[in-house]
Amino acid sequence: IAAGEVIQRPSSAVKELVENSIDAGASTVSVTVKDGGLKLIQVSDDGHGIRCEDLPILCERHTTSKLSAYEDLQTIKSMGFRGEALASMTYVGHVTVTTITEGQLHGYRVSYRDGVMENDPKPCAAVKGTQVMVENLFYNMVARRKTLQNSNDDYPKIVDFISRFAVHHINVNFSCRKHGANRADVHSGSTSSRLDAIRNVYGASVVRDLMEIQVSDENAVDEIFKMDGFISNANYVAKKTTMILFINDRLVDCTSLKRATEFVYSAILPQASKPFIYMSINLPPEHVDVNIHPTKKEVSLLNQERIIEKIKDAIEEKLMNCNNTRIFQTQALNSSALTQANTRKDKGTEVSTPTGEKSQKIPVSQMVRTDPRDPSGRLHTYWQGQTSNLEKKSGLVAVRNIVRSRRNPKDAGDLSSRHELVTEIDYNLHPGELILTCDV
């Protein structure tokens with residue numbers, strides 16, 4: 001992999017740093033971003049830190065402290081640096097690391113460039129853990145930096161995946177803010193409940209419509225997987241699917257699983273509604289291939305079709321059991337809307353904004369009657385001169401009688417349907433008479 005290829009955007013750099021902080025046993029992770037990550041990315045944690053003797057090779061390619069033997073490549077359980085990410089940051093940015101390990105009287109600060117240490121580690125004051133600061137990202141890649149000039153493009157992605165980390169790692173405090181801002185865009189505290197973590201990040205309205213789900217396929221001979229999480233019920237309404245998926249504590253995407261779950265929800269939710277899904281899947285490490293994507297965004301699973309099918313069946317069963325009741329949102333009737341509907345013109349009406357300004361006219365053919373008491377659109381509005389008769393009668397029978405009387409004034413009876421006509425004929429039929437009927 002060419003130098004700098006792993007770190008393609010500021011968000012991928014932040015993701016690598018945050019995952020490494022989690023691997024370091026941190027209980028607090030703080031992220032500060034300036035200019036969408038192009039000017040500054042600063043990730044601080046309170047983990048176990050980096051030993052001073054490891055600092056010279058920290059940013060060299062293919063260097064990692066998470067594997068002790070070659071066989072460990074088959075059972076990777078850690079996240080964070082893969083021997084490429086931190087080295088790539090030094091090729092496309094200015095990296096400064098400040099760290100201190102437990103028991104040391106002071107910390108060390110060192111800068112890196114192009115994978116090598118620029119100077120010897122300098123003693124400095126430091127708090128527990130590690131702080132990695134990446135400045136002037138892509139300073140030597142003019143074309144890529146120009147494509148990322150809009151600082152608002154990547155920051156929402158950073159906020160999004162930090163929110164996902166906060167939901168899964170409930171024992172870690174996460175915070176993310178823009179440089180110079182007084183208020184953090186993500187601020188989650190450690191909690192013992194997954195629902196509390198979702199409530200802190202996504203709000204109480206999401207938690208209200210969530211159901212717990214558990215799926216397992218385990219036996220003594222062939223242990224496949226175990227999944228637990230939360231899914232939204234039929235009352236949840238959103239414009240975009242939110243799927244938080246962790247496989248062996250690694251934040252990944254699975255297009256096949258997402259498509260299968262959306263297919264199940266499509267039969268229950270309205271067409272424009274999307275679900276909220278959180279899943280944590282645990283498999284044997286040797287059943288997961290984490291090296292199929294440069295940024296580890298996607299993984300490959302052994303027996304993937306079988307796993308997806310069992311999860312899909314479990315979601316479908318859970319949704320069918322909770323589909324006994326549905327909740328629909330209602331809105332209070334606006335009396336001014338009724339008055340406006342009664343006084344509107346034949347060709348159109350002018351709609352006023354809350355500030356009193358008049359907007360363009362809306363044709364009557366494009367308007368929708370939302371009030372059942374609005375006379376326009378009801379049948380008896382069109383029976384001119386029959387208002388007094390309608391007031392005496394009610395229901396559909398009265399309307400049918402009026403229509404019949406207008407068509408045949410001489411035969412203005414009280415018959416309202418074919419069934420009543422047949423009943424009256426049978427009642428007035430003399431014995432011995434024969435009635436021939438035919439369909440017209």
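1. A word on pairing before we start: two strands count as paired when DSSP finds at least two bridges between them. Strands β4 and β5 (residues 116–117) have two bridges, in the antiparallel sense. Please keep in mind throughout that this is a predicted model.

2. Let me stay with that pair for a moment. Y112 stands opposite M117 in β5. The hairpin of β4 and β5 has two residues between the strands, and D114 takes a positive phi near 55° there.

3. Strand β3 (residues 94–100) pairs with β4 in the antiparallel sense, over five bridges, and T96 is found opposite S111 in β4. The hairpin of β3 and β4 has six residues between the strands, with G103 taking a positive phi near 95°. Strand β6 (residues 122–124) is also antiparallel to β4, with three bridges between them; here Y108 faces P123 in β6.

4. Now to another sheet. This open sheet has five strands in the order β10-β11-β14-β12-β13, and its pairing is mixed. Its edge strands are β10 (210–217) and β13 (250–251), each of which pairs on one side only. Within the sheet, strand β12 (residues 242–247) and strand β14 (residues 276–282) run in the parallel sense and share six bridges. F246 is set opposite S280 in β14.

5. How many salt bridges does a search of the whole structure find? The search gives five. One of them joins R9 and D154, with the closest N and O atoms 2.7 Å apart. R9 sits in the segment before α1 (10–23), while D154 belongs to the loop between α3 (142–147) and α4 (155–168), so this pair ties together parts that are 145 residues apart in sequence. R9 is partly exposed, at a relative accessible area of 28%, whereas D154 is buried, at 3%. The cut-off for buried is under 20% relative accessible area.

6. R199 and D196 form another salt bridge, and their closest N and O atoms are 2.6 Å apart. Both residues lie in helix α5 (residues 194–202), three residues apart, which is about one turn of the helix. R199 counts as partly exposed at 36% relative accessibility, and D196 is partly exposed with a relative accessible area of 30%.

7. A salt bridge also links R51 with D54, where the closest N and O atoms are 3.0 Å apart. R51 has a relative accessible area of 47% and is partly exposed; D54 is partly exposed too, at 23% relative accessibility.

8. Finally, a look at surface charge. Which residues gather in a patch of negative charge on the surface? They are E309, D313, E316 and E317. E309 is found in helix α8 (residues 304–321), and its relative accessibility of 41% makes E309 partly exposed.

Note on methods
Residues numbered from 1 in each chain as written. Predicted model: local features only at pLDDT ≥ 70, side-chain atom pairs only at ≥ 80, totals over all residues. Heavy atoms only, no water. Patch = residues over 30% accessible without salt bridge, like charges linked within 9 Å, V, L, I, M, F, W, Y side chains within 5 Å. Areas by Shrake-Rupley, 256 points an atom, 1.4 Å probe, with all protein chains shown as cover. Salt bridge = Lys/Arg side-chain N within 4 Å of Asp/Glu carboxyl O. Lys, Arg positive; Asp, Glu negative; His and termini not counted. Charge placed at Lys NZ, Arg CZ, Asp CG, Glu CD. Helix = DSSP H or I, 4+ residues; strand = E, 2+ residues; numbered from the N terminus. Buried < 20%, exposed > 50% of the residue type's maximum accessible area, 1.4 Å probe, protein only.
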